[in-house]
Amino acid sequence: MTVPATTHLRSTVSTGSGVVAHRGASAEFPELTLVAYEKALEQGAEALEVDVRLTSDGVPVLLHDPRTARVADRDVWVHSSTLDELSALDLGTWHPVHRRPEPLLTLRSLLVMAEAYPHVKLFLETKHPVPTGGRVEVALRDELRYFGLDRPASHAESRALMMSFSVMAVRRFRQLAPQVPTVQLRERGNVLKSWPAEGFGAQLMGPSIGALRARPWLVEYWRSRGMGTYCWTVDDPADMLLCRDLGVEWVATNVPSRARGVLDGPTRHS
């Protein structure tokens with residue numbers, strides 16, 4: 001296989017391995033809720049991971065699944081529900097630790113909260129496949145534009161990063177907001193997805209921790225191509241140390257307090 005040659009701007013990277021709160025501090029608090037994100041920041045997270053879907057009336061909201069059965073008191077389809085209908089759901093009581101009601105969080109509400117944390121980065125994932133198709137990328141671009149986040153001075157200084165498992169979604173967003181860096185997410189089994197992603201100019205590759213365990217050489221390979229690495233979802237301390245030792249720039253975890261302690265600990269020596 002021939003890997004396409006392409007010129008990349010240097011990726012937006014951190015010093016050492018930065019902690020990304022995966023859906024917030026979601027081990028202790030209901031995922032994608034305001035309390036989960038606020039607690040993650042208290043625990044030292046340097047970035048927040050956000051899942052974005054569209055309501056039937058075109059509002060970007062923070063929900064991971066296409067249906068609400070797993071995290072709400074009622075099961076509805078996100079794409080066929082209005083903002084008002086989704087706002088009536090309890091998204092907190094289901095959580096085995098938190099067990100208290102929490103409301104739906106819109107992308108705009110998260111971005112308002114993030115204004116108080118100007119040094120925190122936002123990894124914004126558009127979910128696919130969805131009936132709304134590319135409208136979710138347009139909605140994300142519009143919200144970033146509203147907050148002045150669509151035209152950073154450089155990729156390295158950008159507070160927002162768009163990401164998706166869909167190569168076409170990443171490509172689409174690159175066309176909509178070329179100054180916002182992108183992350184191509186990957187499962188362990190879809191190693192070939194990196195090649196077209198490189199051609200579309202992604203600044204970071206986003207493998208699962210399983211993919212890095214199987215192919216740790218990928219981090220150095222991507223670095224040689226001018227790309228950084230975002231690894232998900234890393235909750236085991238041994239995996240956190242693996243990411244740090246490989247030079248992974250961003251480590252997404254459900255337990256940011258644990259990750260902060262591990263990644264700030266002494267470096268291992270062989």
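Among contacts in the protein (heavy atoms within 4.5 Å) between residues at least 6 apart in sequence, 59% join residues at least 24 apart. The structure is a predicted model, in which local features need pLDDT of at least 70, side-chain atom pairs count only at pLDDT 80 or more, and totals for chains, interfaces and linings use all residues. Residues are numbered from 1 along each chain as its sequence is written, and side-chain values use heavy atoms, with hydrogens and water left out.

**Exercise 1. The whole chain**

Task: State how many helices and strands the protein has, and what percentage of its residues count as buried.

Solution. Helices (H or I, at least four residues) and strands (E, at least two) are DSSP runs, numbered from the N terminus. Buried means under 20% relative accessible area, exposed over 50%, and partly exposed in between (1.4 Å probe, protein chains only). Step two is to read the totals: the protein has ten helices and nine strands, and 56% of its 270 residues count as buried.

**Exercise 2. A strand and its neighbours**

Task: Determine which residues of strand β7 are buried on each face, and name the residues that stand opposite M205.

Solution. Begin with a general rule: in a regular strand the side chains alternate between the two faces of the sheet. Strand β7 covers residues 204-207, with L204 and G206 on one side and M205 and P207 on the other.

Next, consider pairing; two strands pair if DSSP finds at least two bridges between them. Strand β6 (residues 182-186) pairs with β7 in the parallel sense over four bridges. Strand β8 (residues 228-231) also pairs with β7 in the parallel sense, over two bridges. Finally, M205 stands opposite Q184, and the bridge partner of M205 in β8 is T229.

**Exercise 3. Helix α1**

Task: List the buried residues of helix α1 and the elements against which they pack.

Solution. Helix α1 spans residues 34-42, and its buried residues are V35, A36, Y37, A40 and L41. These buried residues pack against the strands β1 (18-22), β2 (47-54) and β3 (60-62), and against the helices α3 (107-114) and α10 (256-263). After α1 comes G44, whose phi is positive, near 100°.

**Exercise 4. Two helix pairs**

Task: Describe how α3 packs with α4, and how α9 packs with α10.

Solution. Two packed helices are described by the angle between their axes and the distance between the axes. Axes are lines fitted to C-alpha atoms, for helices over the stretch in contact, and angles run from 0 to 180 degrees between N-to-C directions. Angles under 35 degrees count as roughly parallel, over 145 as roughly antiparallel, 65 to 115 as roughly perpendicular and the rest as oblique.

For the α3 and α4 pair, the angle is about 30° and the axes are 11 Å apart; α3 and α4 are therefore roughly parallel to each other. In this contact L107, R108 and L111 in α3 meet L140, E143 and Y146 in α4. The residues of the contact divide into four nonpolar, no polar and two charged. Here Ala, Val, Leu, Ile, Met, Phe, Trp, Tyr, Cys and Pro count as nonpolar, Asp, Glu, Lys and Arg as charged, and the others, Gly among them, as polar.

For helix α9 (residues 237-246) and α10, the axes come within 10 Å and cross at roughly 50°; α9 and α10 are therefore oblique to each other. P237, M240, L241 and R244 in α9 meet R258, A259, V262 and L263 in α10. By class, this contact of α9 with α10 has six nonpolar, no polar and two charged residues. L241 is buried, with a relative accessible area of 18%. L241 and A259 are 18 residues apart in sequence and 9.3 Å apart in space, C-alpha to C-alpha.

**Exercise 5. Backbone exceptions**

Task: Decide whether L32 and R99 are buried or exposed, and identify the form of the peptide bond from H128 to P129.

Solution. Most residues other than glycine have a negative phi, and most peptide bonds are trans. L32, in the loop between β1 and α1, has a positive phi near 65°. L32 is buried, with a relative accessible area of 3%. R99, in the loop between α2 (83-87) and α3, has a positive phi near 55°. R99 is exposed, with a relative accessible area of 55%. Lastly, the peptide bond from H128 to P129 is cis, with omega near 0°, and P129 lies in the loop between β4 (121-126) and α4.
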